[in-house]
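Please study the sequence and the structure before reading each solution.

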Amino acid sequence: GVAVGLAWTPVGGEIPFVESTRMRGRGKVAITGRLGDVMRESALAALSWIRSNAGMLGIDDGLFDRSVFHIHVPAGATPKDGPSAGVTLTVSLVSLLTGLPVPSDLAMTGEITLRGKVLPVGGIKEKVIAAKSAGVKTVLLPDKNEKDLEDVSPNVRNALTFRFVSEIETELDIVFGPALHERARRVNEG
């Protein structure tokens, strides 16, 4: 499960990768990559949302009690924190648990709630510029951040496709397409 996020730093935007893996174990979560408390909380919220919606996603709920999850954001020498990685963490974990890949030319930012709402975040201009510089084609943003694109130059805006979401379910539909629902249907039918 690898997903591309968008982050704000004091020197501009950057593209962090979020990696997730699962091993046999007893329901624990390891979070590494010099993540601060806010990102740790986002990772736990992502895992809780996924677990509470496991049936809809076609994921065996018992898997959570038999697994250790490891979430890692590489470039460990750089401290990372802030309320904008919840959607990326969720997408990375859903990719891991379903075996569905995340398109490599897609990046995202936004925070989630336990109810699956996607919340607006800051630093949109810097994040969008970083996405274009990295060769990203599609950027997923919280719908309430659409107005922030006014601050982005037209040549950067026109080089990218933007999709705006208010719910994590919509985000997952965009990322994984019909494959997610087809997989869930097959799993739930048994």
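Helices (H or I, at least four residues) and strands (E, at least two) are DSSP runs, numbered from the N terminus. This is a predicted model, in which local features need pLDDT of at least 70, side-chain atom pairs count only at pLDDT 80 or more, and totals for chains, interfaces and linings use all residues. Residues are numbered from 1 along each chain as its sequence is written, and side-chain values use heavy atoms, with hydrogens and water left out.

**Exercise 1.** State where R183 is placed, whether R183 is buried or exposed, and which residues R183 touches.

Solution. 
- Step 1: R183 belongs to helix α7.
- Step 2: Buried means under 20% relative accessible area, exposed over 50%, and partly exposed in between (1.4 Å probe, protein chains only). R183 has 16% relative accessibility and therefore counts as buried.
- Step 3: Contact means heavy atoms within 4.5 Å. Leaving aside residues up to four places away in sequence, R183 touches L57, G58, I59, L97, T98 and L100.
- Step 4: R183 and L57 are separated by 126 residues in sequence, yet their C-alpha atoms are 8.0 Å apart in space.

**Exercise 2.** Describe how α1 and α3 pack.

Solution. 
- Step 1: Two packed helices are described by the angle between their axes and the distance between the axes. Axes are lines fitted to C-alpha atoms, for helices over the stretch in contact, and angles run from 0 to 180 degrees between N-to-C directions.
- Step 2: Helix α1 (residues 37–52) and helix α3 (residues 86–98) have axes 8 Å apart, at an angle of about 45°. That angle makes α1 oblique to α3; angles under 35 degrees count as roughly parallel, over 145 as roughly antiparallel, 65 to 115 as roughly perpendicular and the rest as oblique.
- Step 3: In α1, M39, S42, A43, A46, L47, W49 and I50 meet G86, L89, T90, L93, V94 and L97 of α3.
- Step 4: The residues of this contact of α1 with α3 comprise ten nonpolar, three polar and no charged. Here Ala, Val, Leu, Ile, Met, Phe, Trp, Tyr, Cys and Pro count as nonpolar, Asp, Glu, Lys and Arg as charged, and the others, Gly among them, as polar.

**Exercise 3.** At what angle do the axes of α6 and α7 cross, and which residues meet?

Solution. 
- Step 1: The axes of helix α6 (residues 168–176) and helix α7 (residues 178–189) cross at roughly 105° and come within 6 Å. The two helices α6 and α7 are therefore roughly perpendicular to each other.
- Step 2: L172, D173 and F176 of α6 meet P178, A179, L180 and H181 of α7.
- Step 3: By class, the contact of α6 with α7 has five nonpolar residues, one polar and one charged.

**Exercise 4.** Which residues of the largest nonpolar core touch the most other members?

Solution. 
- Step 1: A nonpolar core is a set of buried Ala, Val, Leu, Ile, Met, Phe, Trp, Tyr and Cys residues joined through side-chain atoms within 4.5 Å.
- Step 2: The largest such core has 39 residues, of which I50, L172 and F176 touch the most other members.
- Step 3: Elements giving two or more residues to this core include α1, α3 and α6.
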